[in-house]
Amino acid sequence: MGLGDLESAIMDVLWQSDEPLRVRDVLARLEPERSLAYTTVMTVLDNLHTKDMVTRDRIGRGYSYRATRSREETAAELLRQVLRTSGDAEQVMLHFASSATEDESRILRRAARRTTARKRREFRS
Amino acid sequence: MIVATSLFVAALVLGFAAPRWLSRLAVPGRDPRGALTAWVAAQMLFVAALVGGPLAVATKPGLHVDRLPLPASCVRAARDEGLLPWLPYAETVLWVVAGSVVVRIFVVVSRSYRRHRRDTAAHLNLIRVLGGVRTRGGGGVIWLRDTACAAYSIGGRNGTIIAAEGLKALDPRARRAVLDHEYAHIRGRHHVIVAISGALSTALPFVPLCRQGAPWIRVLVELAADRRAAHACGHDAVREALLRCAHSSEPAARGEPFEGFLDARLHWLSPARGPGRSLGAFTYPFAVTFSAFPAVVTGASVIAIVTASCLTV
């Protein structure tokens with residue numbers, strides 16, 4: 001789960017608002033130094049809708065947008081996702097109490113067994 | 001050609017035989033950073049030898065030296081007299097094989113690196129918004145409002161730790177241990193090491209050093225970070241943090257491998273017995289030597305064999 005620069009700025013605006021916002025409202029609330037076109041914001045909101053980050057309701061000829069989940073719910077979902085995928089060879093986020101693939105778990109068990117066997121041999125001799 | 005052949009054979013020895021001796025370095029109670037260094041060094045030497053082979057064939061370093069050592073002058077004389085008609089074909093085969101392997105490594109690693117950077121940046125963007133962080137750049141700890149006992153880190157120029165507020169329920173020393181574990185990943189550039197070993201495994205899955213190296217390195221970076229945290233906060237703090245965080249994770253995520261991995265990490269965390277078992281000044285040089293020695297011996301043997309056979313022609 002991740003967002004581009006503008007996507008995250010727009011999500012921040014939506015999370016700060018208690019009510020659904022139209023494209024022009026989002027555009028007005030974005031940081032003033034960003035000189036963005038109306039269509040750019042509309043396209044990004046459309047992308048966010050595709051990613052299920054926002055829901056929209058038709059108002060007249062346009063839409064009003066709001067975040068699908070609250071900031072806290074999204075944070076919780078993100079953490080669950082990272083927890084589920086830690087130990088996955090494709091992921092390079094290192095999680096503290098990480099899960100492990102069967103390969104990783106087997107490696108440690110074998111090394112521990114070898115050490116125990118060596119100690120046993122040393123003890124006997 | 002002698003240099004190229006030696007490098008190619010050394011790469012073969014490292015690629016196919018190194019896991020046999022590298023896996024013996026990881027022993028509970030011994031500092032895992034030595035084993036980690038040895039695995040990383042072996043992979044780097046393997047790639048360097050593969051790159052060096054075609055480079056030596058292309059540049060022919062022997063041609064630029066006036067006073068050649070005995071093996072090189074002998075081979076040159078034999079070639080000039082037409083005693084080695086197969087030599088150009090051998091050079092071509094070596095160049096094509098090693099060259100195509102190097103190109104594949106380069107393509108896969110660079111593609112994986114770009115994807116890793118893009119995903120990390122996108123993930124960090126979302127995390128910043130969720131954590132209410134307004135400043136640009138990374139670094140430090142971003143706290144997320146969640147009751148889970150969880151923390152993870154993202155590498156890169158400004159490595160960042162993401163921690164759930166549920167972590168605050170831990171004893172302060174255990175909480176410090178979790179953060180120190182993640183800082184150890186960032187300081188040790190573990191994300192880069194894991195990413196590169198993963199890409200090597202994808203590029204050359206038929207080479208045991210690459211295929212087995214990826215899981216070994218993933219395991220060893222966790223053990224190394226545990227050890228670092230234990231050094232700063234004490235073994236008991238890391239042990240408590242591991243147990244508390246593990247048991248607060250989702251039951252679905254706690255399969256048999258997970259339980260085994262947790263037990264093994266706790267076992268590995270046991271304090272080193274005796275002064276010789278902790279990380280000393282010689283551990284890193286020893287680890288590199290240990291990983292490279294058989295390959296160096298093989299390369300030297302190739303040179304000796306070439307010399308002996310050339311002198312008898």
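Strand 2 (residues 151-154) of chain B and strand 3 (residues 160-164) of chain B are joined by four bridges and run antiparallel. This is a predicted model, so read what follows with that in mind.

Let's stay with that hairpin for a moment. Five residues sit between its two strands, and Gly156(B) takes a positive phi near 110° there. Along the pairing itself, Ser153(B) stands opposite Ile161(B) of strand 3.

Strand 3 of chain B has another partner too: strand 1 (residues 141-144) of chain B is joined to it by four bridges, and here the two run parallel. Trp143(B) has Ala163(B) as its bridge partner in strand 3.

How buried is strand 3 of chain B? Five of its five residues are buried, so the rest of the structure largely encloses it. Both of its faces are covered: on one side you'll find Thr160(B), Ile162(B) and Ala164(B), on the other Ile161(B) and Ala163(B), all of them buried.

Now across to the other chain. Strand 2 of chain B also pairs with strand 4 of chain A, through two bridges and in an antiparallel arrangement. Ser153(B) turns up again here, as the bridge partner of Leu94(A). Here are the strand pairings side by side:

| Strands | Bridges | Direction |
|---|---|---|
| Strand 1 and strand 3 of chain B | Four | Parallel |
| Strand 2 and strand 3 of chain B | Four | Antiparallel |
| Strand 4 of chain A and strand 2 of chain B | Two | Antiparallel |

What about the contact between the chains as a whole? It takes 41 residues from chain A and 52 residues from chain B. On the chain A side, helix 1 (5-16), helix 4 (71-85), strand 4 (94-95) and helix 5 (102-124) each supply at least two residues. Which of chain A's elements gives the most to the side that touches chain B? That's helix 4, with 11 residues. By residue type, the chain A side divides into 20 nonpolar, 11 polar and 10 charged.

Last stop: Cys210(B), in helix 7 (residues 208-233) of chain B. Cys210(B) counts as buried because 23 C-beta neighbours lie inside 10 Å, where the cut-off is 20 or more. Leaving aside residues up to four places away in sequence, Cys210(B) touches Leu200(B), Ser201(B), Leu204(B) and Pro205(B).

Technical notes
Residues are numbered from 1 along each chain as its sequence is written. Chains are lettered from A and ligands numbered from 1 in the order in which they are written. This is a predicted model: local features need pLDDT of at least 70, side-chain atom pairs count only at pLDDT 80 or more; totals for chains, interfaces and linings use all residues. A residue is buried if 20 or more other C-beta atoms lie within 10 Å of its own, exposed if 12 or fewer, and partly exposed in between; C-beta atoms are placed from the backbone. Two residues are in contact if their C-beta atoms, placed from the backbone, lie within 7 Å. Ala, Val, Leu, Ile, Met, Phe, Trp, Tyr, Cys and Pro count as nonpolar, Asp, Glu, Lys and Arg as charged, and the others, Gly among them, as polar. Two strands pair if DSSP finds at least two bridges between them.
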